[in-house]
Amino acid sequence: MNPLVFARWGATCADFRANTGLSQDGALEMFPGLRDLPANVVAVLSGKGFLVFEEGFNFVQLVREYVDQIQARYCCGKCLTGIKGTKMLQIALGKIARGEGEESDLALLERVGAILDEAAKCSVCQSSGELVKDGLRYFRRQFIDAISSGLPEQNLSYMAKISAPCMTTCPCHIEIPTYIELLQETRYAQALSTIREEMPLAGVTGRVCPAPCERACTLANMGKPPIPIKVLKRVPADYEMLHNLPAPLEKLPLTAPPVAVVGAGPAGLAAAYYLNRLGHPVTMFEALPAPGGMVGVGIPPYRQPREVLTREISVIRDLGVDLRNGVALGRDVTIQALFEQGFKAVFLGIGSHKSVPLGIKGENEGIQGVFSGGIDFLRALNLGLNVTVGDKVIIVGGGNTAIDCARTCLRLGSTEVHVVYRRTEKQMPSDPREVEDAMEEGAIFHFLTQPVEILWTDGRMKGLRCIKMELGEPDASGRRRPVPVEDSEFDMEADTLIPAIGQKADLSFLSPEDEIEITRQGTIKVDKHTMMTSRSGVFAGGDAVSGPLTVVHGVAGGKLAARMMHSYLTTGRCAPLPDQEMDEILQAVEKQTHILVTPRPETRLGGRDLQKKLDMRERLSTFEEVESGLSQHSSYIESSRCLRCFHLVLAAVKREDYGAAGSRQ
Amino acid sequence: MTLCQRSVRSGEAAKPAYVSGCVAVLAHCAGIDYFPEGESMPSVTIDGVDVNATEGATILEAASKAGIWIPTLCYYPKVSPSDSCRMCVVEVEGMDRPVTACNTVALDGMRVLTDTARVRSMREEVMKLILMDHPLDCPTCPAAGECDIQNITYRLGIYGTDFPLRPREEPPVRNWPLIEYNPNLCITCLRCVKVCHEEIGASALRLRGAGYDARIDTSDGAALSCDFCGECVEACPTGAMSNKVFRRWARSWEFTKVATVCPLCSAGCRMEANVKDQRIFRITTDLDTHNRGTLCVGGRFGFDFVHSQERLLTPLLRRDGKLQPASWEEAVNFVAGKLRLIIGESGPESVSGLASPRLTNEDCYAFQKFFRGVVGTHNVDSEARFSFLRVQRALELTLGVRGATNTLEELLTTGAIFVVGIDPLEETPALGWKIKSAARRYDSKVIVANSRSTSLDPFAMVRLRMRPYSESDLILGIMKVILELDIWDKKFIHAKTSNFIPMKNLLDKISLAGILKRTGVSRESLEHAARLFAEASEAAIIFGGDVILQENGLQCVMNLANLALLTGNVGRPKAGLYPIFEKGNIVGLCDAGIMPEHMPGYQSVAESRDLFEGVWRRDLPYSKGLTVTEMIRGLESGSVRALYIAGADPLTDYPYSSRFAAAFDKAELLVAQDLFLSPTAEKAHCVFPASSFVEKEGTFTNIEHRIQKLNRVLPPPGEARPDWGALEAVATAMGRPMGYFSSRDIFREMALTIPFLRGLRWRDLDGDGVILQPPAATSERARGGKAYAFAPVRTWEKPTPLDAAEYPFEMMVGRSMYQFGATSTRSRHLRELCAEGYVEINPEDARQLGLAKGDRVEVSSPGGSFVSPVRVSDAVQRGMVFAISNFPGLGVYNLYQENTTVCRVKLSSVTVSSGS
């Protein structure tokens, strides 16, 4: 990558053109994210400032491009200052660029820049004002030169992307501020369409997503309650479902090459949905008798009611996606056979449905009361099989699966449910709200406790021998590693044990003829840009590739794979999209500073816990959904708190083969 | 003292239920308690003034409460704030950037400055940006005088712009009916787009494009096709959205604005007639009204029927078989003479009268007094006989109320709304919008039961599309399911009702399977509806023509009352029943005693004889009066010789109108008072020209029993007189004057004789008027000592006529969304939207009959036939015909048999195609 030449980032300004005593090492310290920027980037302009990497840059050209992009695409047309201010800038900069400018235009730029900075509604247009002010301050000479002789030709192409902290953080990059604003206007159908652009399972993720977006929310970074982005996503999905409204999706003619999707979980469903939207006839193969993957068989219905998933799947099926349940890869069909059946590409979204064993004594003895794993337990239950648990249950693990098992056992009538976890409560990977709910419902937690041995007599479980742990040195994950406390072993009485310490992909169906490479972690190996496996035409995504992650991650993988498969099938090649490249730049830029926007004070009501929970008595006697959605009134209040942290990032790239067109689709 | 009066002037005593906007939420807020659990009154200091704001109030609202002006351009109290114009920026101490007052909540201890150098300069710069391409052609702009840009620039002292840009020169959009969009004047503040979506729910507009090219467009990009309420015009702060109908004829400042009430439907929206040179050019309304400044197409655009060229200007007398102009003296003497003669020969019982819900309360009162006091008979009736009186009877028997039990405003925040047999958007748009808002902003669960699809369907959680005329059984089905699921309100029933067990015994004998078969509704949807309704915190029932007008109407309404009782939804806020009937003053007409069986105020003749004889100084007749049907029979048999009709047009509006036509031919004296020469008036011997609602004073009573005042906006055209005036003239000529010189005289008398008006003065009716609830007779109902009584239930199936095979279609009637009864069909503006009646048929039926949109079809029954254009729509089920009834001359009601609106018809294509 080129050395940094000039930067203004927030309040930091650094000029490396002349010998100002600053070294390039200093630049890396000041702007740590620079390491991650692709090498061909010449300049980055954004709401936070700008970075330039080439000596011969012309700032007039850069800022002109920035303003042009705003006018053409990114100014929402809803703020008078933004619309007219950036138009005025565009006219003046255009004049200057053509060499028709006058000295007085600089005063005009100054003035319009100032009012944009002061009065634009959101950071998109506001940033153009700041950048113009920067230009006039640091590169006035270039403006004056352009006024006298126009702009030199520059061999650059530009990529722009609008984003927001929440949007960048979301693996699916849902246009969150847009749908939040639509909710404020009670435009549920449009809000849902906005979500569906990037994520077809709004009702599901509105319930079970860990919502990294909310942690990225500017409000959260200001120390206030974030916008409840996750629950707000449920609002339009529930509205459509409860009012039996048909999804406003057009049935497209499916004329592109046919594809097969293996696995009807979040990744497979997303792949199928987006392939369908791109005109491919899609056939889905699901090994289990019901679709949904881990959402269908892993998450209990009190968190994820079945009808929500069923409805979202039926929306996808109604578009013409063919779903075949009970067809397992390896058992009923092979990859080769799929190609022979006429499918031109295959997506593997097989999830990770195999439990990780505890590795303690007694685990494999076929003892009555000892389950092979949490997900096996939940799957059997969700598929309607006869599953019985005893009165005293011990669950081992600290993830969401462990909590799901605990709360499920409470609903099945167990009188005592213990959760044994070897680290502390703070280190639990599960959603803290889930833990809180489980505690409310009566689950007993034993932290810093590790199982050692299962105790049994006559083939029946009697108890579990555990040992106390304490925190030692940090391990590779940065968490302090728990180490056993000597002579602290103790026995817990129990008749049921559910180990839920992890899960991995079951890839036993793959044979060498399939030519699918597997990583050392036991996941399917793919190219991270194209999602293609080692076998040409076979793509993969979801937990089988990433290891167990969340629904949004699965959807993101499936969506990316779908776009890549489309590119592969229509152009014959599979290269990173400009969009992906831009995402990387964006992430690199955002990594330097969490917020790309000028935060404003939040002065709205709201931020209260507005979701209702089912009454405790009802909770434990049924599998009914525990948490309600938001009332429409709360949805309005909460959505009106959004600060609309949209920001535009423009990258000037020295490469011929990228069009100048923006990358937003 | 039976006066049960509630003041509902907005401003005072605002309650959450009265909030109409989502924005509601923040925006409407002065006085509204959003978070009841933690109510507090944040105290803010604005420009040094301490203001106690309501929790959730914005700085803007707090400032306006304190009388501090903050300029706004995109802010519109009805909708969610856009904060796009930046005019309302203010500085808050401790915040480094100015904030927008329109959407920043006033928090306790905040110190706000609204007029600092910084915000002044921001406002000026932004306004100059707005002005940089805004055509300053104010002299020719339709919004001149009412333009927010004009007002703000003037007040802020901004005289032009120094940003160099030429005005846009895009062509104005002129191909929309009634409304024009000039993109060059548009500042994309989104007020129109938001009001259309959030307040009206039509969602016909959107913002298209980005940046400087962003403009308002229709949702589908085609010519505007919507409810045409004109709210977008009202919302527009500039001249971008303009009202085509008054352009170029008058400037806003030339108007005199006269407050009045819309007569077209039973919602009774307040409005202001904008008058210049004795002509109404437009209708406006204020935010400070019970309708919250919202009007529908009828109110906003339908007023021009009063200026129709077809208005009757002089009395007409039939001479040589033709109606010819005559003087009032001639006409009055003719009628008085003839009446005296007939009364002399055959007694007062040979004279009868029909009044109309288009008349004011005072007209109606004078009408019945004319018959009871001058002629000497109780023979007065109206079309309420076929509709509203049934409802009143049913509700009186069960709940002890007459008409709607609760206010319209309460519907906004109720838990569930069951809409049966009506499309409220067509009958009473104001109510339809409330239901939409309730569904979209307040989580209200809407259940729609209708044999057609309605405009509320997309807002409903359950849609019950039952067979025509099976509403009654459908309701019984819901009740059965509620009992079966054990979700009925036992406590309420025990404490407040009688006759539950007898009702239940009858209900138990009716099989649910039979109900499902007769209604064609699935058990699942019935159960879903039952659960939503019974489990809601409170639930309201709205029902209309399809329920009321059917042969089984009385039973059907009683079933609905039973359903409300079964779920405990009577006698408390946000619950209850709302009967909706098309015409404006149907409630007032009944209150005023236009019925043979009751004196005004629903008093029995026996009990109120002394009162009326004392006030009127006349003897009341002892005979029993005739109902409409009996009058017709009387005309046919010759026992009724004279019929006096005020405002009504039985030949257009009454079922079995062909029988009326024949009977009218037999009348020796047929007198009509009307605005136009209606089909009925054409048959009359004498026609008096009547004053329209803008040409007289008087009062109207809307569906929630709100009495409001009409003011005289214009003098009557030609020699037209108010209806009571014509009656007074005839009474005087008969030698028995009623003693009225103005509507106020009549009102004063009504306040003496009608118990629930007692003590009310004319000036009490200013503004939003007064909501009254007339008490109902309790004797029949209260035998059990309880407030409410269940009515017996029975199942009812529409009989299949013998000639069903010959007449394969079921005809249902209703009206076009753009028309309100027969008068509005004389409005040029409304004719632009709907110029003639039509019939709607299912696409499948159309295919089989070889009919396409625009083809003409003959619709015939054994009673008669009419020819009208066809529209093809899957809103109607197969085997159904939906006919628009309110165009005079079409004679849709000719096809009906007596006393029913069930009508089977056949369709035959008329070969002349309209060339579609």
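With a relative accessibility of 78%, A:Asp487 counts as exposed in this predicted model. The residue is located in the loop that links strand S16 (480-484) to strand S17 (490-493) of chain A. Although A:Asp487 is not a glycine, its phi is positive, at about 55°.

**Backbone angles in loops**

- Most residues other than glycine have a negative phi.
- A:Leu448, which is not a glycine either, has a positive phi of about 50°.
- A:Leu448 belongs to the loop between strand S13 (444-446) and strand S14 (449-457) of chain A.
- The relative accessible area of A:Leu448 is 22%, so this residue is partly exposed.

- The size of an interface is often given as the accessible area lost when the parts come together.
- Between chain A and chain B, about 5000 Å² is buried, and carbon and sulfur atoms give 58% of that area.
- On the side of chain A, the residues that lose the most area to chain B are A:Leu80, A:Lys84 and A:Arg111, which together account for 15% of what that side buries.
- Chain A contributes 48 residues to the contact, and chain B contributes 63 residues.
- Six salt bridges are found across the interface of chain A and chain B.
- A salt bridge joins B:Lys194 to A:Glu185, with the closest N and O atoms 3.8 Å apart.

- A:Lys78 is placed in the loop between helix H2 (59-74) and helix H3 (80-97) of chain A.
- A relative accessible area of 17% means that A:Lys78 is buried, as it falls under the 20% cut-off.
- Apart from neighbours within four places in sequence, A:Lys78 is in contact with A:Ile83, A:Lys121, A:Glu181 and A:Glu185, among others, in chain A and chain B.
- The contacts of A:Lys78 in chain B are with B:Ser84, B:Thr188, B:Leu190 and B:Leu207.

**A parallel sheet in chain A**

- Five strands of chain A form an open sheet in the order S8-S7-S6-S9-S20, with parallel pairing.
- Strand S8 (322-325) and strand S20 (538-540) of chain A stand at the edges; each has a single partner strand, so one side of each is left without a neighbour in the sheet.
- From one strand to the next, the twist averages 20°.
- Helix H14 (residues 266-277) of chain A packs on this sheet and touches strand S6 (259-262), S7 and strand S9 (345-348) of chain A.
- The direction of helix H14 makes about 170° with that of S7(A).
- Four bridges link strand S7 (residues 282-286) of chain A to S8(A) in the parallel sense.
- Within this pair of strands, A:Thr283 stands opposite A:Asp322 in S8(A).

**Cysteines**

- A disulfide is a covalent bond between the sulfur atoms of two cysteines.
- Over all chains, the structure holds zero disulfides.
- A:Cys172 counts as buried, at 1% relative accessibility.
- B:Cys556 is likewise in no disulfide, and the nearest cysteine sulfur, that of B:Cys590, is 19 Å away.
- The relative accessibility of B:Cys556 is 0%, and this residue counts as buried.

Definitions and conventions. Residues numbered from 1 in each chain as written. Chains lettered and ligands numbered in written order. Predicted model: local features only at pLDDT ≥ 70, side-chain atom pairs only at ≥ 80, totals over all residues. Heavy atoms only, no water. Disulfide = S-S within 2.5 Å. Buried < 20%, exposed > 50% of the residue type's maximum accessible area, 1.4 Å probe, protein only. Pairing = 2+ DSSP bridges. Helix = DSSP H or I, 4+ residues; strand = E, 2+ residues; numbered from the N terminus. Axes fitted to C-alpha atoms, helices over the stretch in contact; angles between N-to-C directions. Contact = heavy atoms within 4.5 Å. Buried area = accessible area lost by both parts, 1.4 Å probe. Salt bridge = Lys/Arg side-chain N within 4 Å of Asp/Glu carboxyl O.
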